[in-house]
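Subject: Two-chain model, handover and notes

Hi,

Here is the model I promised to pass on. Please open it first; my notes follow below.

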Amino acid sequence: MTIPTRLRVLVLVPVVAGALGVTALLSREPAALLALDPRAAECGNSVQGQIQAQFALDRAMEYRSALPKMLRAPELETDGPAFVVVYSGEAQVGGLSVAPPPLDASGNTVAREPVPTTYSGVVCVVTPSGPTIYVNVDTSS
Amino acid sequence: MEDSRVRWKIAITAATLAISLLVPVAVLAADTGTCAETNFVNRWEGFLKSLPSMAGAEATLENQSLNICSSSTDGSRANHVYVALDDGGAHAFNIFQAGLVNCVDTFLPNASCNNNGTHEFWAWGRQSCPGLADVAPNPKFMGAFPGSSRTYTVLKTSTQWQVKVSGTVTETLPLASICWAPKRTEHTGESWDIRDAIGGPVGNPFRLSNATYEASVGGAWSNMNWGTGGICNLSSDARYKCNAPTGTSIDLWTVQP
């Protein structure tokens, strides 16, 4: 497994991470052996996958300092703290309460793209309001 | 990675077994379902209403626990009853919802699910919004089983998205978090697999009542007017039963084989 350089730095170099607003790095083990931090328990309870990196942010709005290619997430643009878990490769995301498919004029459901149960680029962000699971995130540096 | 997954599943199975020995049967109330299907294919039963725009959906959910089938082999099962707004169904993630759920996910033990019994939840998602990251609509724990009927509201206001429980705002999202336009209300039940229950058992349907919608932000609320004895317009399987005893209420129940 290849860890993007930026995330490798986050995992291995707390000093650099601190400069990015990362207040706590939990492990210097190889990424494949990273155990989920208790602060992100709600992430582990929703996503099954290998953890690539996990870190705390003083302010949730700093998420793009750590994940510069992640698209915008307005709900994270707050001064409150956040804890971020980045999963590598494909990760399985549990129980999704998705919307029903469209109905045609006769009330029959219209086929749409199947909802996958595994996703790449899975990032879980825990804020005081709870966890949010992002998928298809570009986690490269 | 496979070894890790196997160990993880063994640990979860052991934990589930331990919990099942400790938790009273009533907490994981079993119906007669066999939980045979494990493929995460969602089913729904209830009413959808589409208009050029929607801004709110509301209903009162009765004080009744939601059953889930008992199984050691089906790792994912859920029984939801809720109100929601969505984009018409074109994108599965585009939903904003709140209500009651009883769910178990032993392979992926969602914090909102395991060992919480019937509880209040909310969920939201975002898909295909230009420039915004996709969000998977995982159910989030909102409150314990209230033990009384409550009214659940999902609403888009001029300043934010809101979940209300009996008139009190409990969850919010910035307007900018959701780019999709709400066009449809959901007053429905949902399962994650076909052997899961939806609503109540035979003889004791789960009642969703006082169903209303708001078609425009800040506009007037209107009754759903499904028509007495109406047939629900969303039905995913013959075992899931739904009718509308009044123009604004739905009874949901499951006939298990």
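The largest nonpolar core has 99 residues. Those with the most contacts inside this core are A:Tyr63, A:Val84, A:Val122, A:Val123 and A:Cys124. Strand E3 of chain A gives the most to the core, with eight residues. In soluble globular proteins, nonpolar side chains tend to be buried together. Keep in mind that this is a predicted model.

Take A:Tyr63 as a way in. Leaving aside neighbours within four places in sequence, A:Tyr63 touches A:Leu57, A:Met70, A:Ala73, A:Leu76, A:Ala82, A:Val84 and A:Val125.

Now A:Phe83. This residue is found in strand E3 of chain A, residues 82-93. Is A:Phe83 buried or exposed? A:Phe83 is buried, because 24 other C-beta atoms lie within 10 Å, and the cut-off for buried is 20 or more. Beyond its neighbours within four places in sequence, A:Phe83 is in contact with A:Asp37, A:Arg39, A:Ala40, A:Ala56 and A:Val126.

Chain A as a whole:
- Chain A has four helices and six strands.
- From the N terminus on, the order is α-α-β-α-β-α-β-β-β-β.
- Of the 141 residues in chain A, 45% are buried.
- Of the contacts in chain A with a separation of 6 or more, 63% are between residues 24 or more positions apart.

Chain B as a whole:
- Chain B has one helix and 18 strands.
- Of the 257 residues in chain B, 53% are buried.
- Of the contacts in chain B with a separation of 6 or more, 72% are between residues 24 or more positions apart.

One sheet in chain B deserves a look. It is an open sheet of seven strands, in the order E7-E5-E4-E3-E11-E1-E16, with antiparallel pairing. Which strands are at the edges? They are strand E7 (140-144) and strand E16 (234-235) of chain B, and each pairs on one side only. Strand E5 of chain B, residues 119-124, is joined to E7 of chain B by four bridges, and the two run antiparallel. In that pairing, B:Trp122 stands opposite B:Lys140.

On to the interface. 44 residues of chain B are in contact with 35 residues of chain A. On the chain B side, these strands each supply at least two residues: E1 (43-50), E3 (76-86), E4 (95-105), E6 (134-136), E10 (168-174) and E11 (184-191). This side of chain B divides into 26 nonpolar, twelve polar and six charged residues.

The two chains also pair through strands. Three bridges join strand E6 of chain A, residues 130-135, to strand E6 of chain B, and they run antiparallel. A:Val135 stands opposite B:Asp134 there.

Two backbone angles stand out in chain B. Most residues other than glycine have a negative phi. Phi of B:Ser166 is near 50°, a positive value in a residue other than glycine. B:Ser166 is found in the loop between strand E9 (160-165) and strand E10 of chain B. B:Ser166 is partly exposed, because 13 other C-beta atoms lie within 10 Å. Phi of B:Asn225 is near 55°, also a positive value in a residue other than glycine. B:Asn225 lies in the loop between strand E14 (221-223) and strand E15 (230-231) of chain B. B:Asn225 is partly exposed, with 15 other C-beta atoms within 10 Å.

Last, confidence. The predictor gives the complex an ipTM of 0.82 and a pTM of 0.83. Chain B averages a pLDDT of 84, and 80% of the residues score at least 70. Over residues 1-33 of chain B the pLDDT is below 50. Beyond near neighbours in sequence, this stretch has 29 contacts in the model.

Best wishes

Definitions and conventions
Residues are numbered from 1 along each chain as its sequence is written. Chains are lettered from A and ligands numbered from 1 in the order in which they are written. Two residues are in contact if their C-beta atoms, placed from the backbone, lie within 7 Å. Ala, Val, Leu, Ile, Met, Phe, Trp, Tyr, Cys and Pro count as nonpolar, Asp, Glu, Lys and Arg as charged, and the others, Gly among them, as polar. Two strands pair if DSSP finds at least two bridges between them. A residue is buried if 20 or more other C-beta atoms lie within 10 Å of its own, exposed if 12 or fewer, and partly exposed in between; C-beta atoms are placed from the backbone. A nonpolar core is a set of buried Ala, Val, Leu, Ile, Met, Phe, Trp, Tyr and Cys residues joined through C-beta atoms within 7 Å. pLDDT is the predictor's confidence in each residue, from 0 to 100.
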